[in-house]
Amino acid sequence: MQPNPSPPPSGDGVQTHCPYCALQCGMTLSQDNGVWSVVARDFPTNKGGLCRKGWTAASLIASPERLTTPLVRDWPGQKLREASWDEALDRVTSGIKTIQSGHGPNAVAVFGGGGLTNEKAYLLGKFARVALGTANIDYNGRFCMAAAAAAGQLAFGLDRGLPFPLEDIVGAEVILLPGGNPAETMPPIMQYFEAQRASGGKLIVADPRKTPTARAADLHLQLSPGTDAALANGILHVIIREKLIDPDFIENRTQNFEAARRVAKTYWPDRVERITGVPAATIERAAHMLGEAATAMILTARGAEQQSHGTDNVLAYINILLALGQAGKKHCGYGCLTGQGNGQGGREHGQKADQLPGYRKLVDPAARAHVANVWGVDPHTLPQPGLSACDIFRNFGGQIRGLLVFASNILVSAPDADALAGGLGGLDLLVVADMFLSETAARADVVLPIAQWAEEDGTMTNLEGRVIRRRQALAPPAGVWTDQQILRALAERLGCKATFDTDAQAAFAELGRASSGGPADYAGITYDRIDAEDGVFWPCAHAKDTGTPRLFLNRFATEDGRAKFHAIEYRGSAEQPDGAYPYTLTTGRLLTHYQTGSQTRRIPELLSAEPDAFAQIHPDLARSVGVAEAQTVRLSTRRGSIVLPARISKDIRPDTVFVPFHWGGKLSANLLTISALDPRSRIPEFKACAVHISAAHTVTQATGLPSRSAISSEVS
Ligand code: SF4
């Protein structure tokens with residue numbers, strides 16, 4: 001067994017960052033009489049603020065639910081039992097070898113997470129391609145920002161969540177925020193929007209719900225879920241008609257305007273009102289606000305992105321800014337409010353199906369040669385691009401026979417959860433590395449207990465592209481390994497000669513060499529520089545490079561340096577309401593929980609604030625169904641059915657039902673969602689599907705988590 005890393009010397013607390021979202025708020029973690037707690041620190045992103053999730057983050061350090069020993073299942077249907085690390089790792093390697101000898105290297109897939117540090121995401125990609133030799137690795141960022149990333153690549157030649165620092169928000173005269181609710185998902189960021197409005201700026205929010213963010217806005221465009229492209233084209237139509245465009249910018253810094261103009265011409269506001277439900281006069285007003293502003297910004301989030309036309313939606317919003325000449329200069333531009341803690345870095349260094357470290361493309365011979373040289377392997381041995389997340393899931397039991405999951409809870413986070421649960425049964429080997437017995441871990445053949453955020457060093461890249469330090473405050477519990485230790489041990493057992501460093505700083509230095517010369521170049525970033533400079537923005541090519549807070553100031557990252565317009569037609573969601581399923585279901589997050597709730601549902605303070613999922617419905621819909629507040633409703637789609645309490649509110653459109661997705665089991669929103677995928681980014685359509693609603697007249701018990709008794713019944 002390998003030793004756990006030593007804890008750092010004790011002092012006045014450890015300066016680190018919140019384990020949850022991509023704002024990566026700075027916090028100080030300290031211990032008093034054995035009790036860990038955090039205080040906010042004055043870091044440039046959060047300026048001393050934390051949200052409820054951040055304040056309670058230390059609660060998990062001493063959680064009695066931590067896994068501290070590997071678990072194995074001897075036969076399908078039998079309970080998990082405790083095992084030694086040697087036994088568990090031998091079981092994993094023998095399972096991998098059996099599958100690969102019978103079905104080829106690609107039959108074992110790897111699934112990572114946007115919560116992994118850069119070092120771990122990098123090593124996971126290397127492990128898949130060098131130690132396993134599989135093409136099939138992807139990660140749960142495919143469920144989050146993939147559409148924005150694809151659109152950024154197509155329009156600007158490069159994707160970085162925000163191509164500018166957060167402080168630029170304050171100087172934007174008008175901001176359009178489609179499908180984002182940062183007042184609940186990352187509350188400290190609201191400081192920037194509040195400062196923007198305090199200095200005379202205006203905020204426009206496009207969302208089917210009147211969220212706390214929409215409530216704070218100057219204008220709310222309450223569109224029907226799935227109609228973003230039509231709304232964006234309608235705004236562009238007015239901007240062109242009213243001659244609010246910037247012809248010089250279009251001429252000198254863009255290409256393909258004419259194609260976008262031809263399409264936008266047909267999206268007159270009356271037509272867009274019929275598609276989106278947003279009054280034509282409101283569309284006109286939004287267009288004038290954006291078009292008459294000296295500086296304007298559009299920031300998309302999951303509402304606009306998690307659709308089967310998510311990339312088109314983002315491209316249509318980008319068209320507006322390009323027409324206005326509001327990109328590539330200070331206080332302007334398009335950005336994506338990245339969700340997961342390392343959603344940005346996680347998509348830069350090789351755990352995406354088509355990618356090598358440094359945001360290089362796996363199909364590029366020069367990129368393959370560079371990375372292969374760093375890894376000490378023949379470039380011809382590197383696999384070609386593999387299947388993306390949902391495409392891996394669809395091939396369980398066929399092309400895919402084994403799956404290794406790191407930092408992800410796919411049974412709660414993936415769409416059409418029942419179909420996925422069935423697919424898992426077709427695997428010969430499911431391995432899950434996790435801190436807790438998540439819903440997915442409970443189905444595994446082998447569970448490997450891993451260190452959590454406060455027990456490891458590493459770097460994260462926040463939503464601005466700022467690379468920051470996560471610092472170890474304590475050693476992992478006895479029996480718990482880091483992901484890096486696991487990857488190294490598995491690589492050795494598989495006979496792989498390449499290096500898998502267990503020291504985070506050494507792994508980061510190797511990542512820097514692998515990324516050198518690539519679009520996301522980290523070669524000039526060191527732990528010392530991150531400490532001294534409050535983080536470093538990529539690209540940063542060498543020690544004297546000061547980093548790049550603002551991309552695109554002089555040129556875009558396309559071959560000719562010009563941003564590209566795209567002609568985007570509105571196509572609608574994959575599944576439209578009809579007689580059998582007459583309403584639209586949309587899903588999303590709450591203030592008190594994070595992603596699949598695997599961590600936040602284990603924090604009593606957060607669970608007691610929101611113990612259960614619910615269905616938010618409009619009073620008109622509640623009346624027609626015959627339910628009152630807190631009475632139960634049954635939601636049914638073509639994939640499944642769930643029963644949960646109604647929360648009646650005028651804040652949602654009468655034709656739409658909202659369910660938060662932080663719960664698993666019988667309350668999982670993803671039992672209802674559709675696995676239709678965006679053809680360009682392969683992001684699933686979490687934000688719109690057809691649903692039927694009826695009164696249920698039953699009481700649903702909170703499923704919250706797999707309870708402790710449920711967990712112990714899984715483990716003998
Ligand atoms: S969850 Fe996000 S917004 Fe809240 S404290 Fe953590 S990093 Fe900050």
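This is a predicted model: local features need pLDDT of at least 70, side-chain atom pairs count only at pLDDT 80 or more; totals for chains, interfaces and linings use all residues.
1. The ligand shell draws on several stretches of the chain: the residues surrounding the ligand are Cys18, Tyr20, Cys21, Gln24, Cys25, Leu50, Cys51, Lys53, Gly54, Met186 and Pro188. Sorted by class, this shell holds 8 nonpolar residues, together with 2 polar and 1 charged.

2. The largest nonpolar core comprises 169 residues, of which Phe127, Ile189, Leu221, Ile235, Leu299 and Ile320 touch the most other members. Helix H14, spanning residues 310–324, supplies the largest share of this core, with 10 residues. As background, nonpolar side chains in soluble globular proteins tend to be buried together.

3. Once neighbours within four places in sequence are set aside, isoleucine 320 is in contact with Ala232, Ile235, Leu236, Ile239, Leu290 and Ile298.

4. Is arginine 601 buried or exposed? Its relative accessible area is 1%, which is under the 20% cut-off, and therefore arginine 601 counts as buried. In the chain, arginine 601 sits in the loop that runs between strand S23 (583–588) and helix H23 (604–609).

5. Which groups does the side chain of arginine 601 reach? A polar contact of 3.1 Å links it to the side chain of glutamate 439, and the side chain of arginine 601 also reaches the backbone oxygen of histidine 662, at 2.8 Å.

Terms used
Residues are numbered from 1 along each chain as its sequence is written. Side-chain values use heavy atoms; hydrogens and water are left out. A residue is near a molecule or strand if one of its heavy atoms lies within 4 Å of it. Ala, Val, Leu, Ile, Met, Phe, Trp, Tyr, Cys and Pro count as nonpolar, Asp, Glu, Lys and Arg as charged, and the others, Gly among them, as polar. A nonpolar core is a set of buried Ala, Val, Leu, Ile, Met, Phe, Trp, Tyr and Cys residues joined through side-chain atoms within 4.5 Å. Buried means under 20% relative accessible area, exposed over 50%, partly exposed in between (1.4 Å probe, protein chains only). Helices (H or I, at least four residues) and strands (E, at least two) are DSSP runs, numbered from the N terminus. Contact means heavy atoms within 4.5 Å. A polar contact is a pair of N or O atoms within 3.5 Å; within protein, one must be able to donate a hydrogen and the other to accept it, and residues adjacent in sequence count only if both atoms are side-chain atoms.
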